Amino acid sequence: MTDKKFYIETYGCQMNFADSEIVNSILLEEGMKPVHEAEEADVVLVNTCSIRENAETKVWNRLKELRSIKKENGELTVGVLGCMAERIKDKIIEQEHLVDIVVGPDAYRDIPRLLEEVDDGRKAVNVLLSLEETYADIAPVRTTGNGVNAFVSIMRGCDNMCAFCVVPFTRGRERSRPMESILREIKELSDQGYKEVTLLGQNVNSYLDGENTFTKLMDEASKVDPEMRFRFSSPHPKDFPDDLLHLIAERPNLCNYIHIPAQAGSDTMLERMRRPYTREQYLDLVEKMKSIIPRVSLSTDIIAGFCDETEEEHQQTMSLMKEVEYDLAYMFAYSERERTLAHRKFEDNVPEDVKKKRLSEIITQQMEIQARRNQNEIGNRHVVLVEGTSKRSDEQMSGRTDTNKMVVFDRKDFKPGDYVEVEITGATSATLLARPIGKTTLQDYYGAEVAAA
Ligand code: SAH
Ligand code: SF4
Ligand code: F3S
């Protein structure tokens, strides 16, 4: 196996990106060498996503492109990892010369053996899901990041079975990674100079390791390094703990930002989606978040055009979004997935043009809300963690506030990983412009704020 050059390409959510770092670590351990382009590699692994039809289409198109590289380089091994693995293993192996190995999200330790099988001239598949695998003992190797932000998986799988969602089928049962292994990884990241960690799971508030809850984990994580910021994604509205809100309000390094997916705004739709909360319960939770964490910034996920959606239900989604005033929203047209409850029991019966129209109404309204909320930021001060130079200009740096807003300001002598106090001077619906005031630390800045209050 040694000497082989590999390239990993990742699609889908942050969990997939975190998984690619685990695979990276496994292959490096084998003595394989990472390269930066598929064209230079002996082994190309595509870590895939199944969440919506278009996510899969993107991957299929890429696999076809890779086939043409394969034609020129007969030795090239192509593998499919991740969420598409289980669903399309037969199809993929049948499609001649497209893919040599297929590996599901719980079988990454098996990749070296699978690659050997391919060397022996066979196609190799392992899509077994596990009840235990959390890769707790594997230290992810982060080769593509900026050295400032890191993602850390705290659990795998999902037991929620929302009617529309394929994740429980692609990633299997929910299981939590031991707290001590998570804290060890955070400590290592802090020692390496990372400044921000996002804890990842499909439903983080059901994290449980013995007696340790998600709140306990956040509590311990925030104490590892008081100058390291923490975010998490995603919690579920059905069982969001109050004590976590108080903890976020108290600790300067727990970001005042919560992604809290609503999916829809009417009780009838939430019930059909198997989201076990009502509109009222959701709005009560949001109220609580806003009152316990006064500066909290909220984001959400919304699906337009789920099965049997009426115009009235759509309007209720619109009104929920208006009422909450999210700072950010990820908005999708419903895409039917095999094996889900919706696929088995309901009809995907909202016409494509109606889905599109509703989605675009939702997006238009959200852009107006965001633009207005960002305008209101003008004059405010924030601490920004610098992530790199701005995409537009080398003379500008960019980074995020703890409320997760992207801010751009003059470069001066700031570098990635610095905390900079800024005053907001301008805004679009996506970005804030600012005047830098100077470098700071979380403890100095928020310590003074606490003292002043
Ligand atoms: N576990 C996360 C969601 C992961 S999937 C959570 O519950 O918060 C990210 C988002 O994709 C979901 O929140 C949902 O809005 C969207 N999504 C999932 N399945 C979908 C489908 N079949 N069609 C369209 N959007 C979907
Ligand atoms: Fe999918 Fe629901 Fe699980 Fe999120 S909580 S991954 S939407 S089943
Ligand atoms: Fe996609 Fe799998 Fe994530 S389906 S969104 S990569 S959990």
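Helices (H or I, at least four residues) and strands (E, at least two) are DSSP runs, numbered from the N terminus. By this assignment, P276 lies in the loop between helix 9 and helix 10. The model described here is predicted: local features need pLDDT of at least 70, side-chain atom pairs count only at pLDDT 80 or more, and totals for chains, interfaces and linings use all residues. Residues are numbered from 1 along each chain as its sequence is written, chains are lettered from A and ligands numbered from 1 in the order in which they are written, and side-chain values use heavy atoms, with hydrogens and water left out.

P276 is exposed, at 52% relative accessibility. Throughout, buried means under 20% relative accessible area, exposed over 50%, and partly exposed in between (1.4 Å probe, protein chains only). P276 and K238 are 38 residues apart in sequence. In space their C-alpha atoms are 6.1 Å apart. The loop between helix 9 (267-272) and helix 10 (279-292) also holds R274. R274 is partly exposed, with a relative accessibility of 39%. Its phi is near 60°, a positive value in a residue other than glycine. Most residues other than glycine have a negative phi, and most peptide bonds are trans.

K412 likewise has a positive phi, near 45°, and is not glycine. This residue is placed in the loop between strand 19 and strand 20 (419-427). K412 is exposed, at 58% relative accessibility. A cis peptide bond links S233 to S234, with omega about -10°. S234 belongs to the loop between strand 13 (229-233) and helix 8 (242-250). E180 and S234 are separated by 54 residues in sequence and by 21 Å in space, C-alpha to C-alpha. E180 itself is in helix 6 (residues 179-191). At 54% relative accessibility, E180 is exposed.

Rings of Phe, Tyr and Trp (its six-membered ring) pair if their centres lie within 6.5 Å; planes under 30 degrees apart count as stacked, over 60 as edge-to-face and the rest as tilted. The structure holds 8 aromatic pairs. One of them joins F306 and F346 edge-to-face, with 6.2 Å between centres and 80° between planes. F306 lies in the loop between strand 15 (297-304) and helix 11 (311-324), and F346 in the loop between helix 12 (341-345) and helix 13 (352-375), so the pair ties together parts that are 40 residues apart in sequence. F306 is buried, at a relative accessible area of 0%. The ring centres of Y445 and Y446 are 5.0 Å apart and their planes stand at 85°, so this pair is edge-to-face. Y445 is buried at 14% relative accessibility. Y446 is buried at 6%.

A charge is also placed over a ring. The charged end of R52 sits over the ring of F332, 3.6 Å from its centre. The criterion is NZ of Lys or CZ of Arg within 6 Å of the ring centre and within 35 degrees of the ring normal.

Strand pairing was then considered. Two strands pair if DSSP finds at least two bridges between them. A closed barrel of 5 strands runs 17-18-19-21-20, with mixed pairing. On average, neighbouring strands of this sheet are turned by 50° against each other, direction ignored. Axes are lines fitted to C-alpha atoms, for helices over the stretch in contact, and angles run from 0 to 180 degrees between N-to-C directions. Strand 19 (residues 406-410) and strand 21 (residues 431-440) run parallel and are joined by 3 bridges. M406 stands opposite T431 in strand 21.

Strand 1 (residues 5-10) is mostly covered, with 5 of its 6 residues buried. Strand 1 runs parallel to strand 2 (residues 33-34), and 2 bridges join them. The bridge partner of F6 in strand 2 is P34.
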